[in-house]
Amino acid sequence: MTNNTRILIIGPSWVGDMVMSQSLYKRLKEHYPEALIDVLAPAWCKPILERMPEVHRAIEMPVGHGQFNLSERWNLGKSLRKEHYDHAYVLPNSAKSALIPLFAKVPKRTGWKGELRFGLLNDLRPDRKVFQYMVERYVALAHDKKTMLSDVNIENVSHPTLNIDKENQAICMKKFGILPTLPIVGICPGAEFGPAKRWPDSHYATVAKQLIEEGNQICIFGGPKDKPVTNSIRNALPPEQQNMCFDLAGETSLVDAVDLLAACHTVFSNDSGLMHVAAAVGTNIIAIYGSSSPKYTPPLSNNVKIVHTDINCRPCFKRECPLKHLNCLTELSPSQVIYEYRELHIANFSSQS
């Protein structure tokens with residue numbers, strides 16, 4: 001490839017994965033500074049891509065997640081031929097995700113071995129499990145098959161860094177009545193994957209109550225589906241504290257959430273897409289893990305404390321607790337989480353002194 005290479009990325013379908021994929025774009029730009037990188041992704045990921053300076057264009061994927069729709073993929077691939085892409089990187093593992101670059105006649109098509117992808121990809125990487133972390137698997141695709149193991153490790157991977165719109169941030173804070181003069185703590189209590197990733201509402205409420213007593217405002221983030229959870233947290237607070245707690249679930253666009261998360265000095269979050277967004281805007285992170293593990297998709301930040309129990313049934317990676325008790329979450333007490341919060345702030349203070 002040369003500096004004026006045109007690159008097509010078939011992006012992942014989840015917000016957290018899309019954030020992590022920026023590390024690949026950064027590595028490609030290191031190799032080819034003048035390359036143009038276009039990313040094909042679902043509509044809900046487009047706002048995230050628009051905050052990545054490495055991305056030239058975000059192309060909306062017209063086919064819904066999980067749908068095959070061969071004719072739609074053929075039409076899109078055919079329409080992309082005029083872009084004359086030199087190289088395509090296919091990040092999802094499905095066969096259907098590799099069809100569009102083939103239909104677009106991209107000459108080199110790189111990706112990991114997945115379901116029935118022989119012939120669809122002509123730079124096929126055999127075993128993604130040679131890398132522990134998902135972000136390593138993404139970045140490794142920017143390297144030659146023979147050298148990727150020696151070239152890539154979690155220590156030399158650039159962390160995602162999303163651009164912040166300060167003007168939009170100020171507009172959003174004014175809209176919701178968030179005071180610019182008081183410190184803000186974010187809470188992300190949802191998890192699209194399932195309840196086995198969600199720390200209990202009552203535990204989050206206990207943390208929120210204590211942090212408000214210490215002079216913080218609380219912003220609770222999430223989508224419309226998270227509204228029952230976020231309502232429960234806010235309603236559990238004493239009435240006099242509720243005006244210092246802003247339930248933003250379903251009230252913000254994704255880019256608004258990006259800018260407001262950046263206004264927080266610390267974010268408490270389950271293992272979710274918003275956790276990765278918070279890491280990419282530079283805030284402190286208290287990452288709470290239940291059924292999943294930070295050994296695969298940790299928040300990519302130097303300012304993070306990862307918290308979980310050590311009971312022998314976790315991580316199980318299930319959407320719902322197979323044992324019906326959720327002890328990996330319920331037994332992780334608010335006092336343990338607050339302790340890690342204090343430790344993180346002490347460490348940050350020491351490093352700045």
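This is a predicted model: local features need pLDDT of at least 70, side-chain atom pairs count only at pLDDT 80 or more; totals for chains, interfaces and linings use all residues.
Residues are numbered from 1 along each chain as its sequence is written, and side-chain values use heavy atoms, with hydrogens and water left out.

Two of the pairs are set out below.

| Pair | Centre distance | Plane angle | Class |
|---|---|---|---|
| tryptophan 74 and phenylalanine 103 | 5.2 Å | 70 degrees | edge-to-face |
| tryptophan 112 and phenylalanine 131 | 6.1 Å | 70 degrees | edge-to-face |

Because tryptophan 74 lies in helix α3 (residues 70-79) and phenylalanine 103 in helix α4 (residues 99-103), their pair ties together parts that are 29 residues apart in sequence; helices (H or I, at least four residues) and strands (E, at least two) are DSSP runs, numbered from the N terminus. Tryptophan 74 is partly exposed, at a relative accessible area of 36%, whereas phenylalanine 103 counts as buried at 13%, the terms being set with a 1.4 Å probe on protein chains only (buried under 20% relative accessible area, exposed over 50%, partly exposed in between).

The other tabulated pair also links distant parts of the chain, with tryptophan 112 in strand β5 (residues 108-112) and phenylalanine 131 in the loop between β6 (123-125) and α5 (134-140), 19 residues apart. Tryptophan 112 is buried at 3% relative accessibility, and phenylalanine 131 is buried with a relative accessible area of 3%.

Threonine 266, placed in strand β10 (residues 266-270), is buried with a relative accessible area of 0%. Its side chain makes a polar contact with the side chain of histidine 265 at 2.9 Å; such a contact is a pair of N or O atoms within 3.5 Å, where within protein one must be able to donate a hydrogen and the other to accept it, and residues adjacent in sequence count only if both atoms are side-chain atoms. Leaving aside neighbours within four places in sequence, the residues in contact with threonine 266 include Ile184, Val185, Thr283, Tyr341 and His345, contact meaning heavy atoms within 4.5 Å.

Notes:
Rings of Phe, Tyr and Trp (its six-membered ring) pair if their centres lie within 6.5 Å; planes under 30 degrees apart count as stacked, over 60 as edge-to-face and the rest as tilted.
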